[in-house]
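Dear colleague,

I am passing on the structure we spoke about, and below it you will find my notes on what turned up. Please read them with the structure open beside you.

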Amino acid sequence: MNHTDTQEWVDIGSVDDVPDNDVFPVMVNGRELALYGVNGQVYVTDNLCTHGAAKLSDGFLEGHEIECPFHQGRFDICTGKALCEPLSDDLKTYTVRIENMRVMLRLD
Ligand code: FES
(Lines give C-alpha, C1' and ligand atoms only; values in the text may rest on other atoms or scores of the structure.)
Protein backbone atom coordinates (compact mmCIF):
# COMPACT_ATOMS: atom_id res chain seq x y z
CA MET A 1 0.00 0.00 0.00
CA ASN A 2 1.26 3.43 -0.92
CA HIS A 3 1.05 5.72 2.09
CA THR A 4 2.48 8.72 0.29
CA ASP A 5 -0.86 9.31 -1.43
CA THR A 6 -2.94 11.67 0.66
CA GLN A 7 -6.12 10.85 -1.21
CA GLU A 8 -7.59 8.10 -3.28
CA TRP A 9 -10.38 8.47 -5.85
CA VAL A 10 -12.77 5.55 -6.20
CA ASP A 11 -15.23 4.94 -9.04
CA ILE A 12 -18.60 4.38 -7.38
CA GLY A 13 -20.83 4.12 -10.44
CA SER A 14 -22.30 5.72 -13.50
CA VAL A 15 -23.89 9.15 -13.38
CA ASP A 16 -26.88 7.49 -15.07
CA ASP A 17 -27.49 5.51 -11.87
CA VAL A 18 -27.54 8.53 -9.58
CA PRO A 19 -31.03 8.76 -8.08
CA ASP A 20 -33.25 11.67 -9.00
CA ASN A 21 -34.02 13.64 -5.83
CA ASP A 22 -33.58 10.45 -3.86
CA VAL A 23 -30.99 8.50 -1.89
CA PHE A 24 -29.68 4.96 -1.87
CA PRO A 25 -26.90 3.08 -0.06
CA VAL A 26 -23.55 2.23 -1.65
CA MET A 27 -20.70 0.11 -0.31
CA VAL A 28 -17.27 1.63 -0.94
CA ASN A 29 -14.19 -0.19 0.33
CA GLY A 30 -16.18 -1.77 3.13
CA ARG A 31 -17.85 1.47 4.21
CA GLU A 32 -21.56 1.94 3.81
CA LEU A 33 -22.31 5.36 2.39
CA ALA A 34 -25.42 7.17 1.23
CA LEU A 35 -25.50 8.49 -2.35
CA TYR A 36 -27.88 11.36 -3.04
CA GLY A 37 -28.96 13.01 -6.26
CA VAL A 38 -30.46 16.48 -5.89
CA ASN A 39 -31.30 18.53 -8.98
CA GLY A 40 -28.55 16.85 -11.01
CA GLN A 41 -25.92 17.22 -8.28
CA VAL A 42 -24.34 14.27 -6.49
CA TYR A 43 -23.67 14.12 -2.75
CA VAL A 44 -22.24 11.35 -0.57
CA THR A 45 -22.31 11.00 3.21
CA ASP A 46 -21.92 8.20 5.72
CA ASN A 47 -25.11 6.15 5.74
CA LEU A 48 -25.26 5.56 9.49
CA CYS A 49 -26.95 8.24 11.53
CA THR A 50 -24.67 9.83 14.16
CA HIS A 51 -27.41 9.35 16.77
CA GLY A 52 -28.24 5.66 16.48
CA ALA A 53 -28.35 2.56 14.34
CA ALA A 54 -30.48 4.01 11.56
CA LYS A 55 -29.64 4.12 7.89
CA LEU A 56 -30.16 7.50 6.34
CA SER A 57 -30.83 5.82 2.99
CA ASP A 58 -34.09 4.66 4.64
CA GLY A 59 -34.88 8.24 5.56
CA PHE A 60 -36.74 11.02 3.85
CA LEU A 61 -34.88 13.39 1.53
CA GLU A 62 -36.26 16.88 1.09
CA GLY A 63 -34.09 19.24 -0.91
CA HIS A 64 -30.64 19.11 0.66
CA GLU A 65 -31.90 17.73 3.98
CA ILE A 66 -32.08 14.08 4.94
CA GLU A 67 -34.39 13.13 7.78
CA CYS A 68 -33.44 10.09 9.84
CA PRO A 69 -36.14 7.40 9.88
CA PHE A 70 -35.73 6.75 13.63
CA HIS A 71 -36.08 10.04 15.52
CA GLN A 72 -36.48 12.52 12.68
CA GLY A 73 -33.07 14.11 13.16
CA ARG A 74 -32.13 16.12 10.06
CA PHE A 75 -28.74 16.67 8.41
CA ASP A 76 -27.68 19.01 5.63
CA ILE A 77 -26.20 16.61 3.05
CA CYS A 78 -23.92 19.32 1.58
CA THR A 79 -22.13 20.09 4.83
CA GLY A 80 -23.11 17.15 7.06
CA LYS A 81 -24.30 19.62 9.66
CA ALA A 82 -26.75 18.28 12.23
CA LEU A 83 -29.76 20.60 11.98
CA CYS A 84 -31.96 19.68 14.93
CA GLU A 85 -32.40 17.55 18.02
CA PRO A 86 -31.84 14.81 18.95
CA LEU A 87 -28.68 15.06 16.85
CA SER A 88 -25.54 16.48 18.39
CA ASP A 89 -22.85 15.16 16.05
CA ASP A 90 -22.45 16.19 12.42
CA LEU A 91 -22.39 13.62 9.64
CA LYS A 92 -19.28 12.85 7.60
CA THR A 93 -19.51 14.02 3.99
CA TYR A 94 -17.33 13.01 1.04
CA THR A 95 -16.00 14.91 -1.93
CA VAL A 96 -17.25 13.69 -5.30
CA ARG A 97 -16.49 14.66 -8.87
CA ILE A 98 -17.82 13.53 -12.23
CA GLU A 99 -15.26 12.19 -14.69
CA ASN A 100 -16.15 10.54 -18.01
CA MET A 101 -19.73 10.00 -16.84
CA ARG A 102 -18.51 8.19 -13.73
CA VAL A 103 -19.02 9.31 -10.16
CA MET A 104 -15.63 9.49 -8.46
CA LEU A 105 -15.44 9.65 -4.68
CA ARG A 106 -12.44 10.80 -2.68
CA LEU A 107 -11.50 8.61 0.23
CA ASP A 108 -9.27 10.09 2.90
S1 FES B 1 -31.02 7.35 15.08
FE2 FES B 1 -31.09 9.05 13.70
S3 FES B 1 -32.10 10.60 14.85
FE4 FES B 1 -31.96 8.92 16.25
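Two strands are said to pair if DSSP finds at least two bridges between them, and the elements themselves are DSSP runs numbered from the N terminus, helices being H or I of at least four residues and strands E of at least two. This is a predicted model, in which local features need pLDDT of at least 70 and side-chain atom pairs count only at pLDDT 80 or more, while totals for chains, interfaces and linings use all residues. Residues are numbered from 1 along each chain as its sequence is written.

An open sheet of three strands runs in the order E1-E10-E9, with antiparallel pairing. Strand E1 (8–14) and E9 stand at its edges with a single partner strand each, so one side of each has no neighbour in the sheet. E1 and E10 are joined in the antiparallel sense over six bridges, and glycine 13 has valine 103 in E10 as its bridge partner.

Some backbone features also deserve a look. Most residues other than glycine have a negative phi, and most peptide bonds are trans. The peptide bond from glutamate 85 to proline 86 is cis, with omega near 10°, and proline 86 lies in the loop between strand E7 (74–76) and strand E8 (93–94).
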